[in-house]
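Thank you all for making time this morning.

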Amino acid sequence: MRATIRSLLAQASMQDAGAGTQAGLWIARLGNYAALTATVGLLLAAVVLLGRGERLSPAATTAARRAAAAATVWVGSALALFTFGVSNASARPLPGALRPEIIAQFAGTRFGTAVLAQAAVAVTAAVIAARAR
């Protein structure tokens, strides 16, 4: 009887992608939030520091350049979040989860679509901030 209960409990337990995926997901989320916050804050600083003329003041230019760098980190963290999300959702370690069919299926989920859209917004922010004059 006890062996049957243990067997049922073992079958019912959820699979896990591993500690590496969990740590990577946590770090990617932390980096994503920090880079997003830095990008928005630096872009707002550039707007507030904007001169009255057609050109940015030196302080605003510095803020815009730093915002571009933060947005680039934001892109990387969003892609890392997507990658570790694929691994976590498929309950496979990272090398086993990175198959085209799994990635395509994950990209069709709400989370996958949102993270890819976030990466696209981050690329746009990085380009705009880098070209600010």
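In which segment is Arg131 found? Arg131 is found in the segment after α6, the helix that covers 110-130. Before I go on, please keep in mind that this is a predicted model, in which local features need pLDDT of at least 70 and side-chain atom pairs count only at pLDDT 80 or more, while totals for chains, interfaces and linings use all residues. Residues are numbered from 1 along each chain as its sequence is written, and side-chain values use heavy atoms, with hydrogens and water left out.

Let me give the overall layout. The protein chain has six helices and zero strands, where helices (H or I, at least four residues) and strands (E, at least two) are DSSP runs numbered from the N terminus. Of the 133 residues in the protein chain, 28% are buried; buried means under 20% relative accessible area, exposed means over 50%, and partly exposed lies in between, with a 1.4 Å probe and protein chains only.

As background, nonpolar side chains tend to be buried together in soluble globular proteins.

Also in helix α3 is Ala60, which counts as buried because its relative accessible area is 0%. Ala60 and Leu42 are 18 residues apart in sequence, and their C-alpha atoms are 8.9 Å apart in space. Another such pair is Ile128 and Ala68, which are 60 residues apart in sequence and 7.8 Å apart in space, C-alpha to C-alpha. Ile128 lies in helix α6, and Ile128 counts as exposed because its relative accessible area is 57%.

The phi of Ala91 is near 55°, a positive value in a residue other than glycine.

Now to charge: how many salt bridges does a search of the whole structure find? The search finds one, a salt bridge being a side-chain nitrogen of Lys or Arg within 4 Å of a carboxyl oxygen of Asp or Glu. In this salt bridge the side chains of Arg99 and Glu101 meet, at 3.6 Å from N to O. Arg99 counts as partly exposed because its relative accessibility is 39%, and Glu101 counts as partly exposed because its value is 48%.

Finally, let us return to the surface and to Arg131, which counts as exposed because its relative accessibility is 61%. Arg131 gathers with Arg55, Arg65 and Arg133 in a surface patch of positive charge. Patches are made of residues with over 30% relative accessible area and no salt bridge, with like charges joined within 9 Å and nonpolar side chains (Val, Leu, Ile, Met, Phe, Trp, Tyr) within 5 Å. A nonpolar patch on the surface is formed by Trp26, Ile27 and Leu30, which together have about 370 Å² of accessible area, a value from the Shrake-Rupley method with a 1.4 Å probe. Leu30 has its place in helix α2.

Conventions: Lys, Arg positive; Asp, Glu negative; His and termini not counted. Charge placed at Lys NZ, Arg CZ, Asp CG, Glu CD.
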